[in-house]
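Here are some notes to read alongside the model.

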Amino acid sequence: MSVVLMLSSQVSFVYSQPSDLQFEHITTYNGLSQDIVNHLFRDKFGFLWIGTEDGLNRYDGYTIKTYKNNPGDSSSLSRGAVLGICDYSDDGLLVAMETGLNVYDRVGDIFVRPKGALESVAQSYCYMPTDDHKGHYWLIVGGNKLLRYDLHEDRITVMEPITGSRSSKLNSMFLDRSDSLWIATDSGVALFLGDSLGFQHFQILDPQLHTAIAPYYITEDSRGDLWIGTSSGLYLFRRGTRTSAFVPLGIPVSGRFLDRDPIGALKWDRRQRLWVGGFSGLYCFDVQRHTAVQYVNNTDDKTSLSNNRVYDLHIDPSDVLWVGTWRGGLNKTDFKKERFGHIRHSSNTPFAGKSNDVSTVYEDIHGNVWLGGNNSNVTQITFSSNEYKHFSHNARNNRSISTGDLACIVGDSTGVVWLATNSMLNKYDPKTESFSRIDVLPHEFRSMLTIFLDRSGFLWIGTDAFGVERYDPKSGIIVYFGPGSSDTSYHRIISSWSLFQDTQGDIWMGGWQGNNNLHRLDTKTGRVVSYSQPQLHSVRSMYEDDAHNLWVGTWGAGISRFTPSTGEIRQFTEYSGLPNNFVKAILPDDRGNLWVSTERGLSRFSIRDETFRNFDIHDGIQGNLFYSGSCWKGHDGRLYFGGENGLNAFYPDSIKDEEYNPPVVITAFRVVDQPRALRQKTSPERQIVLSYEENIFSFDFVSLDYSAPEKNQYSYKLEGFNNNWSEPGTRRYASYTHLDPGEYIFSVKGTNSDGGWSTDIASVHITILPAYWQTWWFRSGIMVLVISILYGLFRYRLNKLLEIERTRSAIATDLHDDIGASLTSIALFSDLARKEITSNPSQATERLQRIAESSRTLLDKMNDIVWSINPENDSLEDTFLRIKELAVGMLGAKGIEYRIVIPPKIPDVKLPMSVRRNLFLIYKEIVHNIVKHSQSTKAEITVGFESAQSILTIHVSDNGKGFDPVTAKRGYGLNNIEKRADLLHAKVQFTSAAGSGSAVHIVVPLKSPV
């Protein structure tokens, strides 16, 4: 049904089209904040922002992030409706609302109230913010005031007057290709000429309505003319002549014109079709063909437009149309799906029986397409006039098609069409437009599976269990090939679902039940040859290529290339890339490809490269399940495939992979499972610095191709950890744990929905700082410390060895000097006594006494040496006891009254051997001098130890005759004391006076080096 209207040239409106659009609905059930969508905006990073009556939403193709007002959070969005969005500065958005202006901070993921000059409109009714790409932001405030904000100078300029009336409502703004600003107002359109010239105003006049029209929305075509959506329909404003004309978009319905529908949104697609959003539906206006199509809500079709009132439109670079509606949420349709020409039952494309099942398809000599479905329903489509004609069984009319499901449709060069139902053959006469029925199945249980018209005009009929028949339409003669035939070679042909004639004229039959082998009937000899290879079983479709290879599509074994002359078979299955092994039909194109329909989609197979390119329901095919034998190649190369959800009618050359390079964006960054702000930059790398404790992190990412996000693939790597790209997959996150400190670069790339890799790569530079013990300076310090300790230990060990060596040398010296001298005197006295024992007995006795004294002295010295080198005597307590024992022995033997003071508690302190030895010999020398020279009757000895300073003290005094330290003759003993004190770094103080006794005070620092 169509009607002709006038716009300079003839424009026709039709309610049908070759491919019916299907819409995906995104509503509050999917996470949208509200189902009234006022505004749609794609930001510079590729995210889709959806402004509703209650909140703002960010969509990445997978998830919706909602922003709404929270009364207790000053960083949340203002309350009310979102009326406009635009990019602002580097990392923000301007969000215009009925309650004021908001600035969205991408880094903090928060909203802030405007600062500076914009603060004056922070709480004003605002909408339609626009960036003119010259450092200016334009904003409609209060409905009738236009502001220009200079970001760099932080200055607002009020632009007026725009129209002849200050009260005229401003509806929208539009930047044309030259970045000139147009304003749609209630009194016309205004063009901004510059600060000095102001605005030039144009009225949109309609001579039929005899009034000026109020523009709502403006867009521009490729010639520079303006298309204007108004309160009374669509208008074209020609800039050259400055004239306007009404563009009709509808037909009279219930006394009113739908083409006078208020228009609030306009968008051009890449095919130069104008999409028009009205209050009564969505329109597609083809400027070249002067045709328009309307899309409306159909309650019986879940994929129709969700609501007829359209508020905004957006077409993104991936060729997806977004439709914002009133109370219907967001609608999405992918224009790329049109390339497969999906036709299904709808109000615009009505199928017979209202069923989408297409079990068979055929194109006749006139270009009409016949679709067969269940219950004898047949649809004939004439694409040139967009007419749909229906045929169905009528029990009262024997000239109607017979009852039953359609098995197959074929036709001849005269225009006659043959249609096979399950049990009856039907002949359609195009002259009378009626059917005649031919009973070619005498057996009541016999059923037709397929029919085939060979080059001689014979009609071959494949049955389910009773072989194959050949019917001659001219004579009506039927020849039977199958069980019960006189030729026993035919007995193998039990059933056949596919028939084909090769270039030699032989008929190939795909076996089905009973005997599923492939059979070849030699039309010259009448003999049948069967092929029992598993790769050739249950054939549903066949095609012969130029090299005389037979390509067969099987039920469960994929497709096989069979060369009859050699018997060679090359099989292709799911492991080769075929989407499914249950092949339903095969059609060739003109470029050396085979198009293969299966139970899991459609595939294009390159015979030359032996590669598959698979398509599924997201690419626009009717559904993943196709029907056996439901295919046809048209006269102009168009391919037809039928299935459970309609028909695909397409030109193979139009099926090209999308070249769109989608942005790849990192949407989330988490450290130890906690969200962390990440700046979105257009530069390829961002910098992140983490502490050594933050070496567990993850990234979320998306490829912003909205066509079929579930088909987008990703690959990523973390340089410094693994420099190889990961295997492609649909996973949209990557996580890393317990990474070492260092420099890393995380990179991710993605594909579009057709599998093409985007050139855009998102990267983040990550620095994990080391712990202080992992830093070079700490490690260097530790190394120096270890070396110092080792050196100290070495020096300590060396000093110990030197100390031992010095002690050994001192002991050797003592042994040589003291003991050697004593032994020498003993030997000398012994020789003298031996000689004098008879001649001078008294002298000999004296000699023996001196030998005895020398022996006792020698014994004392040996005891001192043994005590000093015995490690069991290392304690301070053992030294104090030795001091006491010496005093008791020497002073007591001389009859000198003595007093010894020792601390009641002696700390557990170890004294080196050299310290004990030298200290004891100093003390012994002092006591020896008291006994031998002092002539004292009393002596006092006091020993002590100061733990805090690790100092050992010995104080010895007597009441003897004393001496003058200055004039006294220094003997061996005093020198020996001073020498040993120097070795101990000790201080020795003598106090004495003639006739007043004497005292010696010794201070030994035990921590000093020895």
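1. A word on terms before the strands: two strands pair if DSSP finds at least two bridges between them, while helices (H or I, at least four residues) and strands (E, at least two) are DSSP runs, numbered from the N terminus. This is a predicted model, in which local features need pLDDT of at least 70, side-chain atom pairs count only at pLDDT 80 or more, and totals for chains, interfaces and linings use all residues. Residues are numbered from 1 along each chain as its sequence is written, and side-chain values use heavy atoms, with hydrogens and water left out.

2. The hairpin of β58 and β59 has four residues between the strands, and Glu 610 there takes a positive phi near 55°. The pairing of β58 with β59 (residues 611-615) is antiparallel, over five bridges.

3. Ser 603 is a handy place to look in β58. Its bridge partner is Val 596, and in β59 its bridge partner is Asn 614.

4. How enclosed is β58, and which residues show it? Six of the six residues of β58 (residues 601-606) are buried (under 20% relative accessible area, with exposed over 50% and partly exposed in between; 1.4 Å probe, protein chains only), so the strand is largely enclosed by the rest of the structure. Gly 601, Ser 603 and Phe 605 cover one side, and Leu 602, Arg 604 and Ser 606 the other, all of them buried.

5. Turning to the chain as a whole, there are five helices and 75 strands. Buried residues make up 52% of its 1010 residues. Taking contacts (heavy atoms within 4.5 Å) between residues at least 6 apart in sequence, 53% join residues at least 24 apart.

6. Leaving aside neighbours within four places in sequence, the contacts of Ile 85 include Trp 49, Leu 56 and Pro 129. Ile 85 and Pro 129 are 44 residues apart in sequence, yet 6.1 Å apart in space, C-alpha to C-alpha.

7. Please check Glu 220, in strand β22 (residues 215-220). Glu 220 is buried, with a relative accessible area of 12%. Its side chain makes a polar contact with the side chain of Arg 239 (3.4 Å); such a contact is a pair of N or O atoms within 3.5 Å, where within protein one must be able to donate a hydrogen and the other to accept it, and residues adjacent in sequence count only if both atoms are side-chain atoms.

8. Last, helix α4 (residues 913-934) is mostly covered, with 17 of its 22 residues buried. Gln 935 follows α4 and has a positive phi, near 55°.
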